[in-house]
Structures are given as C-alpha cells and as structure tokens.
Amino acid sequence: MQNNLDLLKGLMREHDNSFYIYNEKVIKRQVETLYEKLPQFEFFYSVKANPLKPILEFLTSKNIGSDAASAEEVLLSVEMGLSKDKIIYSTPGKQKKDIEQTIDKAIIVADSYHELEIINEVAKEQNKNLEVGLRINMNFNGKSSSKFGVDEDSLIENKDFINSLENIKVSGIHVHLRSQILDYKRLSDYYETVFKLAVFCKDELDFNMDFIDFGGGIGIVYSKTEENPLDFDKLSVECSRIVEKYNKDLNARLIIESGRFIICEAGEFVTKIVDIKESMGVKYLVAEKGLNGFLRPSLAEFLMNYLDSDVEIPSFEPLFTRRDAFEFLIPEGDNKNLEEVVLAGSLCTSTDVLAKNINLPKANIGDLVIVTNAGSYAYSLSPTRFANHKAPLQIYLKEDGSTIIA
Ligand SMILES: Cc1ncc(COP(=O)(O)O)c(C=O)c1O
C-alpha cells in the first residue's frame with residue numbers, strides 16, 4: 001500500500017464513494033527510470049492505459065509524448081499542449097474522417113495499404129505533402145498473422161505502390177510485439193530486430209527513417225512471489241550497444257511507447273466493505289464496488305473459475321495479465337486473524353466477485369479494501385455505469401500532498 005491510510009479514509013468519508021487514487025510520486029519514479037536507463041530513446045505514453053488529464057499534464061511536463069490510439073486521443077493530447085511531432089497516432093481501422101481530423105495534429109501511422117491510400121487522398125485534397133509512418137507486422141522468432149500493420153513479407157511486392165502515392169512519404173516505422181516483457185534479453189533482441197527492419201526499409205524500400213517506434217512491452221511486476229523486475233541495468237547496456245551499432249547511420253528518432261510501466265503501479269482502487277454475511281459455511285465480504293469499479297480482478301476470477309488451478313493461462317492484454325496480478329489489502333483488518341472469504345461486489349450478478357477463496361485479515365463493515373496495480377487499464381476498461389451505480393471517483397495525488405478530483 002503506497003498511500004497513507006488516514007488520507008484514504010478521509011477521502012472515502014468526504015466523497016462517500018469508491019475511488020481510484022493515482023500517486024504522482026510513483027509516476028515520477030517510473031518516468032525517471034526510463035530516462036535514466038534508456039537515454040537514447042524518447043518515450044510516448046499510451047493514453048489508452050489511463051487518459052486522466054492530470055496524469056497527461058504531468059507527463060507532458062516531463063516531455064513525454066503521446067501514443068494515441070484514436071482520433072479522440074490525438075485531440076486530447078493536443079489539448080494537453082503536445083505538438084504534432086510528440087503525438088503518434090496508430091491504430092487499425094482509421095477512417096477518412098479520422099485522418100481529416102488529425103492530419104495537422106499528429107504523426108499518422110498507416111495500419112494497412114488501404115490506409116496509406118486514404119491518407120494520400122486526404123493529403124491530395126488538402127494540397128499537402130505528408131510524412132507518415134507504417135506499422136509493420138514484423139517477423140520475430142517466426143511469422144504470425146496479425147490484424148495490426150502490414151506483413152513484413154509483403155513490403156517488397158508493394159514497394160512500387162507505396163512509391164506511387166504522390167502526396168505522402170513513408171518516414172518511419174512502427175512495430176509492437178506484446179505487453180509485459182520482463183526479460184531484458186527478449187526486449188533487446190526485439191529492439192535489435194526492429195533496427196534491422198529499419199535498415200531494410202531504408203535500403204530496399206527507400207523509406208526515410210526519421211523515426212522508429214518500437215512500441216510498448218516494458219513490463220512491471222504483478223506477482224511479487226513469481227516475477228522478477230526487468231533488469232534495467234542490463235537492458236541499458238544492451239540498448240547502448242545496439243543503438244551505437246544501428247543508429248549511427250540511420251540517425252532516427254527512437255521511440256518507445258509505454259502505458260502500464262508508467263502508470264500501473266501508481267494506481268490503487270479503494271472501496272469499502274458494506275456487508276458481511278455467510279452462506280453454507282462461506283463468508284462473503286460485500287464491497288461497495290466490484291467489477292463495476294475495477295473489471296480486471298473479476299475477469300481473472302472468472303477465468304480461474306473455469307480452469308484447473310495449475311493450467312497456465314496465457315495473458316490476454318489488456319483484459320487479463322495473470323491470475324495473481326492484484327493484491328487485496330484491508331489495512332484496518334486484524335492481521336493476526338486471517339479468514340478465507342469471498343470478496344464480492346454489490347451488483348446483482350454472481351460474477352461480481354473481486355477475489356474468491358482468499359485469505360484476508362478479519363474485517364468489519366466500513367473497513368476499506370484496497371486493490372493494487374490499478375493505474376492502467378482499470379477505470380477506462382471497467383463498466384462503471386453498470387446497473388446505474390455511480391461511477392467511482394478518480395483522484396490524483398500530487399507530490400506535494402494535494403489532491404485533484406478529476
Ligand atoms: C501499439 C501499442 N503500444 C503500446 C501499448 C502499451 O502497452 P503497455 O501498456 O502494455 O505497456 C500497447 C498496448 O496494447 C499497444 O498496442
């Protein structure tokens with residue numbers, strides 16, 4: 001638990017509603033790690049992880065750019081004061097109206113050959129010459145089909161087509177492998193493969209290589225017992241080596257997108273116990289908000305309910321990372337007296353369970369329940385209006401101790 005209990009109790013009393021609280025100190029710590037360990041890179045925050053304005057404002061003040069996954073996220077980033085070169089707009093399925101809205105506001109990354117055509121059409125209509133990016137489904141440890149980007153293997157056969165588009169020039173590439181990588185070697189091997197692809201694109205396809213967007217992937221520790229943190233010192237050494245090797249000639253802007261690494265650990269979801277009851281020998285703690293406050297723990301429970309406990313479940317990001325991705329804390333409970341309980345929410349559905357058969361300190365009605373790792377893919381991914389309950393609040397705790405109710 002990273003926030004003061006009296007502060008949390010005071011906020012619960014004052015607002016009489018469950019809430020998320022995001023701690024600026026933690027966000028700052030994460031940002032500083034990135035800058036310190038990977039100084040050759042620029043960092044673009046994946047807005048979809050958590051688009052709360054005070055978070056975006058703080059990151060903007062730290063010169064973090066924006067990885068926008070919708071036209072709306074581009075506009076939000078502009079509102080935060082980011083210039084065009086600090087916003088990358090990349091997502092599948094962009095329509096002409098999206099391009100028209102963002103053409104002057106962000107570096108647009110085409111996700112398909114069709115999108116390249118649309119962007120060219122809009123540029124032509126507006127009498128512009130535009131530099132764009134292209135997302136590539138890169139071969140890494142084999143080939144796999146993807147709805148994202150264009151296949152690496154299709155590039156050469158489309159070279160003439162790409163060069164025939166008169167109003168756009170491909171000036172950068174975007175690749176994203178997956179989230180939550182904790183193995184520094186896997187990450188640096190991946191970055192090196194992206195560099196090789198960039199060299200290929202420059203030499204064989206005549207792309208300008210103004211930027212290389214390596215995507216996301218930097219992981220955080222969800223399970224303190226089963227995971228080790230990413231070794232940033234070793235990653236740093238490897239990155240220095242590969243940047244030196246490849247970027248001397250390319251001289252590209254090097255961009256890493258990070259969502260959860262920056263914000264996940266900074267967030268806690270705080271609710272309170274509103275009832276305690278027993279059924280057939282099972283004790284239930286009923287919290288004010290369950291899955292309608294924070295969906296991901298319930299989804300994890302749901303998956304586990306239907307699978308054998310020793311089945312290794314792959315992650316389905318951002319919905320599911322791993323079965324023990326969250327801690328449930330009852331700081332006012334009796335730590336010497338643990339009880340096996342079901343921690344449920346108050347919705348009229350039996351799926352509204354945050355944690356099943358979990359050992360928690362003996363609690364009383366009114367005690368706070370804190371769920372950790374609630375900074376990313378939490379509020380924005382939860383059905384907060386389900387059953388017409390009030391949505392939880394979002395509170396930003398600044399480094400100086402003041403709070404912003406967002
Ligand atoms: C293209 C892209 N970039 C960045 C991210 C952010 O990843 P994460 O929040 O896991 O760090 C994602 C997540 O899905 C993504 O799809």
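1. Helices (H or I, at least four residues) and strands (E, at least two) are DSSP runs, numbered from the N terminus. By this assignment, residues 27-262 are 42% helix and 18% strand, and the end C-alpha atoms of that span lie 6 Å apart. The UniProt record, an unreviewed entry, lists residues 27-262 as "domain: Orn/DAP/Arg decarboxylase 2 N-terminal". UniProt positions are given in the numbering used here, feature names are shortened, and annotations may be inferred rather than shown by experiment.

2. The model is predicted: local features need pLDDT of at least 70, side-chain atom pairs count only at pLDDT 80 or more, and totals for chains, interfaces and linings use all residues. Residues are numbered from 1 along each chain as its sequence is written, and side-chain values use heavy atoms, with hydrogens and water left out.

3. The domain assignment divides the chain into domain 1 (64-258) and domain 2 (265-405); such bounds come from an automatic or database domain assignment. The C-alpha centres of domain 1 and domain 2 lie 35 Å apart. Contact (heavy atoms within 4.5 Å) links 9 residues of domain 1 with 10 residues of domain 2.

4. Two pockets and a cavity deserve attention. On a 1 Å grid over the protein atoms alone, a cavity is a set of points where a 1.4 Å probe fits but cannot get out, and a pocket is an open set with protein on both sides within 12 Å along at least five of seven lines; lining residues have an atom within 4 Å of a point. Grid points are joined across faces, edges and corners, and a volume is the space filled by probe spheres set on the points.

5. The largest pocket has a volume of about 940 Å³. Its lining comprises 39 residues, and Arg-135, Phe-148, His-176, Leu-177 and Arg-178 lie nearest its centre. Strand S6 (130-137), helix H8 (184-205), strand S10 (253-258) and helix H10 (260-263) each give two or more residues to this lining, the largest share, 3 residues, coming from S6. By class, the lining of the largest pocket has 14 nonpolar, 16 polar and 9 charged residues. Here Ala, Val, Leu, Ile, Met, Phe, Trp, Tyr, Cys and Pro count as nonpolar, Asp, Glu, Lys and Arg as charged, and the others, Gly among them, as polar. Domain 1 and domain 2 each provide at least three residues of the lining of the largest pocket.

6. The second largest pocket holds about 500 Å³ of space. Of its 23 lining residues, Arg-323, Asp-324, Phe-326, Phe-328 and Ile-358 are the closest to its centre. Helix H11 (295-305), strand S13 (328-329) and strand S15 (353-362) each supply at least two lining residues, and S15 makes the largest contribution, 6 residues. The lining of the second largest pocket divides into 12 nonpolar, 4 polar and 7 charged residues. At least three residues of this lining come from each of domain 1 and domain 2.

7. The structure holds 1 cavity of 30 Å³ or more, and the space in the largest cavity is about 70 Å³. Among the residues lining the largest cavity are Tyr-45, Leu-56, Ser-77 and Met-80. H3 and S3 each supply at least two lining residues, with H3 giving the most, 3 residues. The lining of the largest cavity has 7 nonpolar, 4 polar and no charged residues.

8. Helix H4 (residues 71-79) has Ala-71, Glu-73, Val-74, Leu-76 and Ser-77 as its buried residues. Buried means under 20% relative accessible area, exposed over 50%, and partly exposed in between (1.4 Å probe, protein chains only). The cover over the buried residues of H4 includes helix H3 (53-61), strand S3 (65-68), strand S4 (87-90) and helix H5 (96-102). Just after H4, Gly-81 takes a positive phi of about 100 degrees.

9. Asn-167 lies in the loop between helix H7 (159-164) and strand S8 (168-174). Asn-167 counts as buried because its relative accessibility is 11%. Not counting residues up to four places away in sequence, Asn-167 touches Asn-120, Ala-123, Lys-124, Lys-128, Asn-129 and Leu-130.

10. Lys-169 is placed in strand S8 and counts as partly exposed, at 30% relative accessibility. Lys-169 and Glu-131 are 38 residues apart in sequence, yet 4.9 Å apart in space, C-alpha to C-alpha. Leaving aside neighbours within four places in sequence, the residues in contact with Lys-169 include Glu-131, Val-132 and Phe-207.
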